[in-house]
Amino acid sequence: MNLPPEKPVSPLAAPVASVWGVGEERAKLLARLKIFTVEDLLLHAPLRYEDRRKFLPIRELKLSEPATVRGEIIAAGLKRFRGGSRTMFECVFDDGTARLHGRWWQAQAWMPDWYAVGREFLIYGKLDDEKKPRVFTHPETELVEAGDDEFVHVNRIVPVHPLTEGLTARVLRSLIWRALEKFENEIAEPDIKLDLKLFPARANAVRMIHFPNELTDVEFARQRLALDEFAALQFQIQSRRKKFEALSKALPCGGDNRLMKPFLAQLGFKLTAAQTNVLKEIRADMGGAHPMRRLLQGDVGSGKTAVAACSALMAIESGFNVALMAPTEILAEQHFRNFSKWFEPLGIKIELQTGSRKTFQPTPDAVQRGKLANFNRQPSTLFIGTHALFTAGFDLPMLGLVIIDEQHKFGVTQRETLVRKGNYPHLLVMTATPIPRTLGLTLYGDLDVSVIDELPGGRGTIKTFVRTTEKLPKVFDFIREKISAGQQAYIVYPRVDVADTDKDIKAVTKEFTNVEKALTGFKVGLLHGRIKPAEKEKVMTAFRANEIKALVATSLIEVGVDVPNATVMLIENAEHFGLAQLHQLRGRIGRGAHESFCILVSDAEHKEAQARLKILEETNDGFKIAEADLKLRGPGELLGQQQSGLPNLRFGNLAEDLNLIRQARELVKL
Ligand code: ADP
Ligand code: MG
């Protein structure tokens with residue numbers, strides 16, 4: 001038998017124990033840092049750097065500027081407080097210019113021996129206050145030892161790496177130094193053609209990231225290593241797409257306008273230019289050679305549902321069935337109602353399948369019928385549902401197009417299984433979380449992107465205010481006023497039940513009665529994830545009919561819900577929501593002609609929390625908000641469940657590295 005030649009295994013894949021000084025014990029400690037191989041060790045990114053070429057004299061230490069000093073211990077001892085229940089270990093360092101006290105609360109047994117008089121240490125920390133004596137509380141220290149590798153730790157810029165208990169910065173630094181000495185020549189250039197005038201060679205970059213000659217080298221090296229990561233990611237994405245295109249032939253779903261025309265005529269509004277443009281792109285895809293894989297981004301309220309409807313019509317005109325998937329039952333029901341209104345007059349069947357309601361039972365028989373129906377080019381069926389629509393064993397017949405609404409609520413893997421269900425139907429995924437470009441090119445890199453960058457006209461503006469709980473009585477007066485004028489309000493809390501929560505976070509089940517009191521005379525509804533689906537639907541129907549005036553809810557209503565008469569959105573404990581999520585919630589109002597008001601209530605004293613909420617006060621631009629959210633909280637938080645699909649990056653930064661991501665994409669064009 002002829003086996004294909006094996007790809008040579010890189011020496012860097014060797015277990016980390018092949019670095020001198022790593023025994024069984026240390027290998028265990030390193031494993032806690034997810035360092036298993038020599039490569040993992042070499043790519044363990046430093047947290048920070050210390051310039052140890054010149055030490056600051058202790059006398060010159062400045063308040064609130066962290067610094068490294070070098071001093072000898074001239075005194076040390078243990079102090080006890082409160083009858084011995086609280087201890088502090090203290091030692092005094094002297095560098096000839098002044099003295100510095102190092103203090104550790106809850107002294108450890110090893111400290112007196114370690115911090116012995118006469119020993120010399122490097123001490124990294126920050127002065128507690130201006131008063132004498134000078135004090136560092138819990139400083140990081142390193143013993144200065146006359147050893148073989150002392151030069152690794154002093155008289156240079158040194159890295160300080162993320163550590164784990166039992167492994168000191170000094171030991172880890174020595175290990176990385178040794179790994180570099182032994183393996184540096186094995187660090188190969190990946191298969192991309194890089195201009196080495198603009199970037200250091202990879203091996204160089206790895207050395208520089210740990211032991212830079214100048215601090216400015218660090219970013220230079222990081223960019224090189226990040227570029228390699230992004231290139232590997234792009235390679236993955238592009239090969240997946242290539243494989244997909246080779247494998248799959250597109251179903252002809254371009255449509256012939258015979259249903260589209262009457263549909264648009266009865267719609268009651270004219271599509272915006274942005275909607276029309278997007279539909280052109282979609283039509284080209286659905287009539288093209290490869291199955292469409294398109295991401296449709298449009299801010300809340302930009303009218304993605306109408307685009308979904310037109311796309312569905314193209315497939316249906318071509319004799320295929322369509323599936324539309326929504327992340328919540330409330331949204332699936334809403335779509336079911338809207339599409340029934342729109343499509344039934346055109347003779348198109350609509351079916352619903354959610355966890356709690358099924359308008360049809362899929363059987364092999366139904367599959368057969370579906371095929372026959374299509375054979376005769378009868379108008380086809382639109383299936384609407386939640387996950388339940390795609391549960392195992394159920395294959396939709398003649399599926400031409402799959403539409404996923406509010407894609408950010410589903411994971412990447414879910415998206416993949418969905419599409420496999422049908423025999424490579426066209427795929428349109430829609431999201432209202434504007435995806436920052438960095439993520440668009442990585443996480444969604446295998447999708448084409450369309451953007452609806454315009455809101456339909458005739459909408460009232462939304463004004464946003466951040467307020468403290470002190471102002472709540474006034475806020476409720478305001479809500480009463482709006483309700484008296486015939487409008488409606490949402491009132492949102494972060495939790496369902498007080499039992500789920502710290503005492504300071506409000507829960508809908510408890511606040512419901514307070515809201516009823518505050519709005520006496522008006523009917524108040526309650527909606528959260530633990531309410532039975534039938535009851536949920538009853539509440540939504542009453543709210544839509546303007547019988548319920550105020551809806552107390554969790555963030556369950558964040559996606560899709562469309563009630564144009566609602567003009568007030570009050571969100572309490574607003575600091576507990578992400579920015580993108582608050583923006584989604586705010587998108588529930590401002591859908592009619594009235595002016596709308598979003599009131600974010602928060603007592604958070606944190607400067608950052610306040611700054612975050614301020615962003616919402618300042619802008620209604622979902623794109624800016626998503627970028628801010630990405631920078632503040634990272635992609636995992638921004639995308640919610642999407643997390644499972646996030647790449648594991650050591651040097652690349654998905655919030656900041658747009659240019660590198662673009663370069664990587666160019667470099668690996670397949
Ligand atoms: P989203 O993009 O958030 O899913 P929807 O599709 O729910 O937005 O649309 C929001 C509202 O705007 C709906 O009431 C819809 O009927 C309306 N709408 C959509 N397109 C237009 C348009 N071109 N002109 C006027 N109103 C529109
Ligand atoms: Mg929507």
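The buried residues of helix 16 pack against helix 15 (472-484), strand 17 (488-492), strand 18 (524-527) and strand 19 (550-553), where buried means under 20% relative accessible area, exposed over 50% and partly exposed in between, with a 1.4 Å probe and protein chains only. This is a predicted model, in which local features need pLDDT of at least 70, side-chain atom pairs count only at pLDDT 80 or more, and totals for chains, interfaces and linings use all residues. Residues are numbered from 1 along each chain as its sequence is written, and side-chain values use heavy atoms, with hydrogens and water left out. Helices (H or I, at least four residues) and strands (E, at least two) are DSSP runs, numbered from the N terminus.

In helix 16, residues 508-518, the buried residues are Val 508, Glu 511, Phe 512 and Val 515. Viewed down the helix axis, they fall within an arc of 125°, so they line one face of helix 16, the arc being that of the directions from the axis to the C-beta atoms.

Let me turn to a helix pair. The axes of helix 5 (residues 169-183) and helix 6 (residues 202-210) come within 11 Å and cross at roughly 160°, which makes helix 5 roughly antiparallel to helix 6, a term for angles over 145 degrees. In this pair, Ile 176, Trp 177, Leu 180 and Glu 181 of helix 5 meet Val 206, Arg 207 and His 210 of helix 6, contact meaning heavy atoms within 4.5 Å.

Finally, a loop residue: Asn 155, between helix 4 (150-153) and strand 8 (157-160), has a phi near 60°, a positive value in a residue other than glycine, and Asn 155 is exposed, with a relative accessible area of 58%.

Key. Chains are lettered from A and ligands numbered from 1 in the order in which they are written. Axes are lines fitted to C-alpha atoms, for helices over the stretch in contact, and angles run from 0 to 180 degrees between N-to-C directions. Angles under 35 degrees count as roughly parallel, over 145 as roughly antiparallel, 65 to 115 as roughly perpendicular and the rest as oblique.
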